[in-house]
Amino acid sequence: MLEWVRTNMGIIVQKFGGSSVADAERIRRVALRAIETQKQGNDVVVVVSAMGDTTDELITLMNELSSSPSDREVDMLLSTGEQVSIALLAMTIEELGYSAISLTGPQAGIMTEDVHLKAKIIEVKPDRVLEELKKGKIVVVAGFQGINSNGDITTLGRGGSDTTAVALAAALNSEVCEIFTDVDGVYTANPRLVPDAKKLSVISYDEMLEMASLGAQVLQSRAVEFAKHYGVKIHVRASFNNSEGTIVREERNMEKGTVVTGVTYDKNVAKFAILGVPDTPGIAHKIFSALGDARINVDVIVQGAKSNEVTDILFTVAQTDIKKSRTILEKICLEIGATGILCEEDVAKVSIVGAGMASNPGVAGRMFGALAKVGVNIEAVSTSEIKISCLIKQDSTEKAVKAIHEEFGLGK
């Protein structure tokens, strides 16, 4: 469980992604924003990602040199990207006449479990951060990284800088965690895909968590989980202007008149089907516990009708987990006597999210009807109290999202 020290300081945590620090001009812009926030009487902690496409470039170089690098060395390599960003940003702030210091994740007290590539934060020890803030410095922290009990650097997985920022905000009892992105808030759909998508002024933790896990790339889902658990208010804002963005906070004080809050889609999806699975107790547990032990997230699980004491099981994983999933499933199929495995990569998941769905019947029918009108076939369905997801062919994504967005009048 995450532990933290409560303070009475007026601290604001700001997080900037890779595109916000992609070059010297943008780094200077971030520095000026952090300085302005401090001049308004706040103590400022800035969390940054690696510059631009640095992480992808490091992965490409790694693959040219090693066919199977150890997870530990991958983390050692990938963590260097953020260290470049924090040093350059701290230098820029000081060049502008203000005091700053850069800290790596370990130096900032980000403690993680003993796992590489997708480590979870288990504790934050912000003593060094507080010490530097008391000296009047703007503290610049490397996102995406921490340190485990063995003293090894770990990384938090894609989007991990969001999690770093929210965890620090919780540990420092920050007034707000500002997440700066290349969009100016959370929209009812991706505005690049749906031109009349509407910016939301407020969204609940639960709705944002569903949207983040279902493909909305504005926030990382683990960051939203942290925020909900510790009551951290998140302000999603644009890095290119000073306009108000979207507040992510507790639902209890929010209006519930809206049935559907937003439409999301995810093309990073692959569909697996295990054929001829013996219909006996414990088989599903054997399959999905093995995938879970490998930290592979599974969604949209569908079991077919039983025939001759066997059935088919369909489910989805992220495309990045295809290779690992296939290796695990091939072994399990031999053990349980299944007849084969199929994998399709040309699929996408389109979803609707809304806290009002729980008390409004007929939402699923409207969604399915909207898809039918534009000729989109549904391959599988997954639901919860506040979301409905449909698996469709990837080339139908754009018309599916637009049709659903229009059906629920989200652009009005």
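Leu32 has its place in helix α1, which covers residues 24-39, in a structure that is a predicted model. With a relative accessible area of 41%, Leu32 counts as partly exposed, because that class takes in the values between 20% and 50%. Leu32 and Glu309 are 277 residues apart along the chain, and their C-alpha atoms are separated by 67 Å.

At 33% relative accessibility, Leu88 counts as partly exposed, and together with Val84 and Met91 it makes a nonpolar surface patch of about 260 Å².

## The nonpolar cores

Which residues have the most contacts inside the largest nonpolar core? They are Val13, Val45, Met208 and Leu219, in a core that has 49 residues. Helix α6 gives the most to this core, with 7 residues. Apart from this core lies another one, of 25 residues, among them Ala189, Val376, Ile392 and Val401.

The surroundings of Val45 can be listed in some detail. When residues up to four places away in sequence are not counted, Val45 touches Ile11, Ile12, Val13 and Gln14, and also Val129, Leu133, Val139, Val141, Leu168 and Leu172.

## Helix α12 and strand β13

Helix α12 is made of residues 397-407, and within this helix Thr397, Ala400, Val401, Ala403, Ile404 and His405 are buried. What covers these buried residues includes the strands β13, β18 (347-353) and β20 (387-393), as well as helix α11 (363-373). Just after α12, Gly409 takes a positive phi of about 60°.

Strand β13, one of the elements that cover α12, holds Thr264 within its residues 262-266. Is Thr264 buried or exposed? Thr264 counts as buried, because its relative accessibility is 3% and the cut-off for a buried residue is under 20%. Leaving aside its neighbours within four places in sequence, Thr264 is in contact with Met211, Leu214 and Ala216, and also with Lys349, Val350 and Ser351.

Most residues other than glycine have a negative phi. Against that background, two residues deserve a careful look.

Asn173 has a phi near 55°, a positive value in a residue other than glycine. The place of Asn173 is in the loop between α6 (160-171) and β9 (176-181), where Asn173 counts as partly exposed, at 31% relative accessibility.

Val300 also has a positive phi, near 45°, and Val300 too is a residue other than glycine. Val300 is found in strand β15, which runs over residues 299-303, and at 1% relative accessibility Val300 counts as buried.

## Asn241 in its loop

Asn241 is found in the loop between β11 (234-238) and β12 (246-249). With a relative accessible area of 23%, Asn241 is partly exposed, and its side chain makes a polar contact with the side chain of Ser243, at 2.7 Å.

How many residues apart along the chain are Asn241 and Asp184? They are 57 residues apart, while their C-alpha atoms are separated by 8.1 Å.

Notes:
Residues numbered from 1 in each chain as written. Predicted model: local features only at pLDDT ≥ 70, side-chain atom pairs only at ≥ 80, totals over all residues. Heavy atoms only, no water. Helix = DSSP H or I, 4+ residues; strand = E, 2+ residues; numbered from the N terminus. Buried < 20%, exposed > 50% of the residue type's maximum accessible area, 1.4 Å probe, protein only. Contact = heavy atoms within 4.5 Å. Patch = residues over 30% accessible without salt bridge, like charges linked within 9 Å, V, L, I, M, F, W, Y side chains within 5 Å. Areas by Shrake-Rupley, 256 points an atom, 1.4 Å probe, with all protein chains shown as cover. Salt bridge = Lys/Arg side-chain N within 4 Å of Asp/Glu carboxyl O. Core = buried A, V, L, I, M, F, W, Y, C linked by side-chain atoms within 4.5 Å. Polar contact = N/O pair within 3.5 Å; in protein donor to acceptor, adjacent residues only side chain to side chain.
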